[in-house]
Amino acid sequence: MIAVPFPDPIGFVCVASPAYLDRAGEPTTPDDLQHHRCIGHRLPGGRLYRWEFERAGRELTVDVNGPLVLDDEELMAEAAAQGLGIAYVASWAADAALAEGRLRTVLPAWMHKPERAAVYYPGHRAVPPALRAFLDIIKAMPSGAGTH
C-alpha cells in the first residue's frame, strides 16, 4: 500500500452562532445537546451521523435531534451561523465563520483532537486517472490550506 498524507490533521468542532447561544444557552456536556436544536448530518448511505465526543479517556456518542438535516459540511456551518442550531462539522468548514465571529465553538473540551489522515492505495496496480488527479491535488496542498 502507498500512503499519501493530507498536509494538515483533520479535526471536528461543534459550533453555533452567538445569537443562538444567547437565546438557548450554551451546553456544558454532550448530554445537554438533547435540549438544543441540532443540525443533523446525513451520511452518503442515508444514515444519520451520531456525534462523537471524548474527554479524559471517556468516549461518548450522542444521537441529536433538530428540525434540519443536511449532507454538506459548509451548509451545516452556514445554517449554524444563521442561528438555526448547533452543528458538528469538520473544522475547515467553520474556520472562516469562526474567524469572523459569526460562529462560536461549543463543547471544545469534549472534542477529539485533530488526527492525521491519508489516502491509501495499492502500489502494485496502475493508478486510475481520477485517483492520480486527486493525489496530485493533495500533494500540492500547502500546510494550513484545509482539506476541501
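**Salt bridges and their setting**

Modeller: Asp63 counts as partly exposed, because its relative accessibility is 46%, a value between the 20% and 50% cut-offs. The model discussed here is predicted. The partner of Asp63 is Arg50: the two form a salt bridge in which the closest N and O atoms are 2.8 Å apart. This pair links distant parts of the chain, for Asp63 lies in the loop between strand S5 (58–62) and S6, while Arg50 lies in the loop between S3 and strand S4 (51–55), 13 residues apart. Arg50 is likewise partly exposed, since its relative accessibility is 38%.

In total, the count comes to five salt bridges. Another of them joins the side chains of Arg104 and Glu26, with 3.1 Å from N to O.

Arg132 is partly exposed, with a relative accessible area of 30%, and Asp136 falls in the partly exposed class with 39%. Beyond these pairs, Glu78, Glu100 and Arg102 are linked in a network of salt bridges.

The position of Arg104 leads on to the sheet. Five strands form an open sheet with mixed pairing, in the order S6-S3-S7-S2-S8. Strands S6 (68–70) and S8 (104–106) stand at its edges; each has a single partner strand, so one side of each is left without a neighbour in the sheet. From one strand to the next, the twist averages 40 degrees. The partner of S8 is strand S2 (residues 12–16), and these two pair in the antiparallel sense over three bridges. Within this pairing, Arg104 in S8 stands opposite Ala16. Helix H3 (residues 91–100) packs on the sheet, where it touches S2, strand S7 (86–90) and S8, and its direction makes about 120 degrees with that of S7.

Helix H2 (residues 73–81) also bears on this region. Its buried residues are Glu73, Met76, Ala77, Ala79, Ala80 and Ala81, and they pack against S2, S3, S6, S7 and H3. At the start of H2, a side-chain oxygen of Asp72 reaches to within 3.0 Å of the backbone nitrogen of Glu74. The helix is followed by Gly83, which has a positive phi near 85 degrees.

Gly83 is in turn one of the residues touched by Ser17; the others, leaving aside residues up to four places away in sequence, are Ala80, Ala81, Arg102 and Leu103. Ser17 itself lies in the loop between S2 and H1. With a relative accessibility of 3%, Ser17 counts as buried, and its side chain reaches the backbone nitrogen of Tyr20 at 3.0 Å.

A disulfide is a covalent bond between the sulfur atoms of two cysteines. A search of the whole structure finds zero disulfides. The cysteine sulfur closest to that of Cys14 belongs to Cys38, and because 7.6 Å lies between them, they are too far apart for a bond, the cut-off being 2.5 Å. Cys38 is in no disulfide either, with the sulfur of Cys14 as its nearest at 7.6 Å. Cys14 is buried, with a relative accessible area of 1%, and Cys38 is buried at 1% relative accessibility.

Conventions
Residues numbered from 1 in each chain as written. Predicted model: local features only at pLDDT ≥ 70, side-chain atom pairs only at ≥ 80, totals over all residues. Heavy atoms only, no water. Pairing = 2+ DSSP bridges. Helix = DSSP H or I, 4+ residues; strand = E, 2+ residues; numbered from the N terminus. Axes fitted to C-alpha atoms, helices over the stretch in contact; angles between N-to-C directions. Contact = heavy atoms within 4.5 Å. Salt bridge = Lys/Arg side-chain N within 4 Å of Asp/Glu carboxyl O. Buried < 20%, exposed > 50% of the residue type's maximum accessible area, 1.4 Å probe, protein only. Polar contact = N/O pair within 3.5 Å; in protein donor to acceptor, adjacent residues only side chain to side chain.
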